[in-house]
Every structure is written in C-alpha cells, then in structure tokens.
Amino acid sequence: MLASSLPAPGEFGGIVTQDQTRPARAAGTDNAAGTDNEAVTAEPANPALGRRAAGAVGWSMVRFGGDQVFAFLVFAALAHRLSPADFGVFFIGMAVAEIGKIVAQAGLVSSLYRARTITPLLADTVFWTNLAGALAVAFVCLGLRHPIAAALGSEAAAPVVGTLGFLAPVSAAGAAHMSRSLRDFGHRALAVRSLSAGLLGGAFALLAAGAGWGVWALVAQRFASEAVGTLVAWRAFPWRPQLQFSWPLLRSQARLGASVAGSQLLLAALNRAQDAIVGGLIGIGALGAYRTAWKSLEVVAQGVISPFSTVAVPTLARLAGDLPAFRRVYLRMVSTSAMLSFPAIAGIGILADALVPLLFGPQWGESVAVLRVLCLLAPPFALNFFAEPALTVLGRAGSIAWLAAIQLALTLLLCIAAAGHGLLWFAGAYVARAYLTLGLQMAILQRETGIRAAQVLRAIAPALVASVAMSLLLWRIRLAAPTPAGVEGAGAEGLAAVARLGALVAAGALAYGAALAVVLGRRGRADLMRLARGLLTHTRARS
C-alpha cells in the first residue's frame, strides 16, 4: 500500500500552527530537510484556522466549480457559433491584456497578503497605485495596438488588443478588495456573487454571438465578467479607499512587489509565449484549436485545483514561521487536489475523441489529438499550482523568477523548433519541457521549504496509480467498443452517443474509486472519508 498524505485526526489538511506571536523561522532551519513522516503532534493544532481553511476550500470549490462549469458551457456554446480563427484573435488580445494587468499591479497586491497589519494608508496606497498603473497600461495598449498585434503574428487582432487593454483598470478597481477579502477567508460571499458574475457575463456573450458579433462576443464576455467581478469584490469587502497616498510606504513595498511582478510576468510570458509561437508560426486558426484543447484542462484546474491553491496562500502565510506544519499542510493540499484532478484529466484524455466534437462541434477535430497530448501534463500541471504560493508566502519571489526564466527559455527553444512540424509536435514539446523543469522546481522547493521530492511524489502517488489503472480500463473498453463518428449529431444517434459517453464516465469513476481504495489501504480510506466529512461540515457551518 502507498502511504497516505491525508490529514491526521483532528486536522483539516494537516493545518497545525504555532503561537503567531513567536518569531518566524527562516527556511533552511529547524529540520529543513524534513522527514517522510513528521510528527503530527509537534505543535498544538489551531482549530480556528483549520475550520476557516476547510470552509474556505469548500466555498472556493463552489465558486470555482460553478464559475468554471458555467464558463465552460458558455465557451462550448460559443465554439459552435464562432470559428477557430475568431478564438485565435481573441487569445492574442487576452495575452496582451493578461501581461498588462500584471504590469499594472506591480506585485503590490501581494503586500496585502503578507502584511501582519493592513493600515488604511497601506491599503489606499496599493489601491491608487494599481489603478493609475492600469490606466497607463490601457492607453499604451490602445496607442500601440497595431505594432503589438503585428509582433504577435496577427495584425487582425489590433482592434481587440486595443480594447482588451482596458480590462486592466476594470480589474484594478477591485483587486485590493479581493485580496483583503481572501486574506480574511471571505470565500463564501465571493462564491455566491461570483456565480452571478459568470451567469451575467455568459448570458451577455451568448446574446452577442447570436446577434453576429463574432470575436467581439468573446470580448464583451470578458468585460462583463470583469465588471461584475469588481462589483463582487466591492460587496464582499465593503471598503472605500480614501484620497491618501504615501511615497515612502510605496517605496518600502516596491522592491518585493517588483520581484513578485517579475515572477508573474515570466510565468505569464511562459504561458502566452505559446500563443505567439502558434499564432505566428503555425496559424491563427491553429491557435484557436490549441487553446480550445487547453480549455478542457483549465476547467479541471479552476474547478478542482484552484480552490486549494487559492486557500493555500492565506493558510500557508499563517504557517510561515512553523516549517514542520507548513510542510504537512503543503503535502496534504497537493495530495487531496491530485486525487480530484488526476482522474478528471486522465478521463478527458481518453474520451477526447467523443468529448471534443460533442462539446465544441465538428470543426474542432484538430483539438482532439492536441488535448490527449496535453493531458500528459497532469502531474506538473497540478504541482505548479502549489509551488508558487508556497515560495511566495516565504518571500522567495527570486526563486520563482529564476525558475520561470528557465521554463520560458526552454519553452522558446523546444516549442519554436517543434512548431515547424505542426501543432501536435508543438504540444509534445511543451509537455517535454514541463517534465524537464519539474525536477528543478522540486529541488528549489526542497531548498527553500525542506519539502523533499520524495515526499511530494509520495503525496501524489495514490492518485497517479489509480488514474493510470482507470485509464487502462477505459482504453480497453474504447478499443472493444469504439464510439461511432458523428457524436455531435442531433436526434436518436446523438442521444445514444451521449448515453455511451455517460456510461464510460460512470465506469471510469467506479474504476478510479476502486483502485484508489486499494492503493490507499484501510488507514488512507479512513483519512479520506474524514477529510470529505470535514469539508462538508465546515462548508455548511459557514453557510
């Protein structure tokens, strides 16, 4: 049996904390090398932090799950109405908007997580700096829209680039509110109101697509979602910034903020460099197909992994001075999210040839093989969501930047070389790069936190083994009874295809559950049941 990394009795996710008045210990001290089985009783449990984190995870799963499921359904509906080229143009614009948002925030929002006490002057300085930077970014994107679009391989994207730049000030207006709310585990209010944002944004996009807006339906959806999201943040944390500003306070936060922003820029460039390479070297339609394949993975990440990684920031920040507890919480969050995400990603890969035409339409056939290759990313994909928050709360932004720079350099090297052979080779090169740098990421994590690679691998091993077993069973079933072509059709044949797909999903879920139960053993099964009950109990308690 593989050892379980689930919570010990009385803990949620192993959340154990020291007295917060005690001085923090630096990484690399106090048994920094760690052990495979650190004593759970080393420090007294903090029930309040455990309950708040459990409730936050539960409500984050409601919020991210509801948001992403609905957003995915809207995306699927739009995919039936728009062409791959429309999506390609939109993704070029979003690449610019995403980088612009990071530049505008300059990493300052993270100071609201790190500060022991948030003074009114600090909050106001962060708010006005972000808003001013966002307005500057918006007008730069508007003025340079043509050269930016040409540099990214699609001059047709220039109007979209100029327009989406104004997402930055819309987002900046609520960024400080969102950060302060999440710092206080205010996930329930965000869940309720965020679902409303998704509904309104999605409804607007569908109406715009039906009216023949083309790519502008996607643009309208982003603005509607960001605007409602800002209103959500204002309601979740009802704070009104005052007209005050401190240059000395800004300078005191600027150095670490710049380091955080630099790391975020490198990570965004790592992601969006793919768009520039595919759009410029393979084609704008190929970019639409590539990002549509990614969308299927993102709905799993946002619905299953992000709730844990979002809660990881405030939770791990409170444990930064207690490295043994920090390590336990990190490993158990990674283990739990892997148990939920790995089978979902594996199942999507096995069933891609049935899912893609059904969800997006027959014009997206190129995305099927790409999606299967990208599903091989499950382990590095899940682990990346937790390494950055863990290093950030310990003030190790420089390590994040160094890792991201290496990832970006290898992405450019491998993916540009592979792009000449087509989209499938490009996807394979990106997967290869992810595994090449995963070992480096684990080495950095061990150096800064004492979390060893062997511990991380043990944490995800049960989910990985059970997911592989499930995949082999589903593949055998698919070979024995292949799905007929044309599952996207309507009528009796379409309904029969949906029924077959549903039966395969159910068979996969049962196979995964059985394999996981065997791998975990009796103790692991008991821990898993206790964790599930804890999530439900604490989520209800906060409702």
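This is a predicted model: local features need pLDDT of at least 70, side-chain atom pairs count only at pLDDT 80 or more; totals for chains, interfaces and linings use all residues.

Visitor: Let's begin with A138: in which helix is its place?

Guide: A138 belongs to helix α4, which covers residues 120-143. Its relative accessibility comes out at 0%, and since anything under 20% counts as buried, A138 is a buried residue. So what does A138 touch, once its neighbours within four places in sequence are left aside? The contacts are G165, F166 and P169. Take F166 from that list: F166 is 28 residues from A138 in sequence, yet their C-alpha atoms lie 4.7 Å apart in space.

From there, hop to helix α7, which runs over residues 167-183 and holds S171. S171 has a relative accessibility of 13%, so this serine counts as buried too. With its neighbours within four places set aside, S171 is in contact with K101, Q105, E226 and T230.

Now let's zoom out for a moment. The chain is built with 19 helices and 0 strands. Of its 543 residues, 55% count as buried. If you take contacts between residues at least 6 apart in sequence, 86% of them join residues at least 24 apart.

Helix α11 spans residues 284-318 and has a kink of about 50° at I305, shortly before the proline P307. This helix is mostly covered, with 29 of its 35 residues buried.

Follow the chain on to α12, residues 323-350, where you can pick out V329. V329 is buried, as its relative accessible area is 0%. Its C-alpha sits 8.5 Å from that of A312, a residue 17 places away along the chain.

Stay with α12 and look at how it meets α13, residues 352-360. The two helices pack at an angle of about 85°, with their axes 5 Å apart. Because angles from 65 to 115 degrees count as roughly perpendicular, that is the label for α12 and α13. On the α12 side the contact is made by I348, G349 and I350, and on the α13 side by A352, D353 and L355. Sorted by class, that gives 4 nonpolar, 1 polar and 1 charged residues.

Helix α10 takes in residues 247-282 and helix α16 residues 397-419; their axes come within 8 Å and cross at roughly 10°. The two are therefore roughly parallel to each other. Their contact divides into 20 nonpolar and 5 polar residues, with no charged ones.

One last stop is H421, in the loop between α16 and α17. Is H421 buried or exposed? Its relative accessibility is 57%, so H421 counts as exposed.

How values were computed:
Residues are numbered from 1 along each chain as its sequence is written. Side-chain values use heavy atoms; hydrogens and water are left out. The bend at a residue is the angle between axes fitted to the seven residues ending there and the seven starting there. Helices (H or I, at least four residues) and strands (E, at least two) are DSSP runs, numbered from the N terminus. Buried means under 20% relative accessible area, exposed over 50%, partly exposed in between (1.4 Å probe, protein chains only). Contact means heavy atoms within 4.5 Å. Axes are lines fitted to C-alpha atoms, for helices over the stretch in contact, and angles run from 0 to 180 degrees between N-to-C directions. Angles under 35 degrees count as roughly parallel, over 145 as roughly antiparallel, 65 to 115 as roughly perpendicular and the rest as oblique. Ala, Val, Leu, Ile, Met, Phe, Trp, Tyr, Cys and Pro count as nonpolar, Asp, Glu, Lys and Arg as charged, and the others, Gly among them, as polar.
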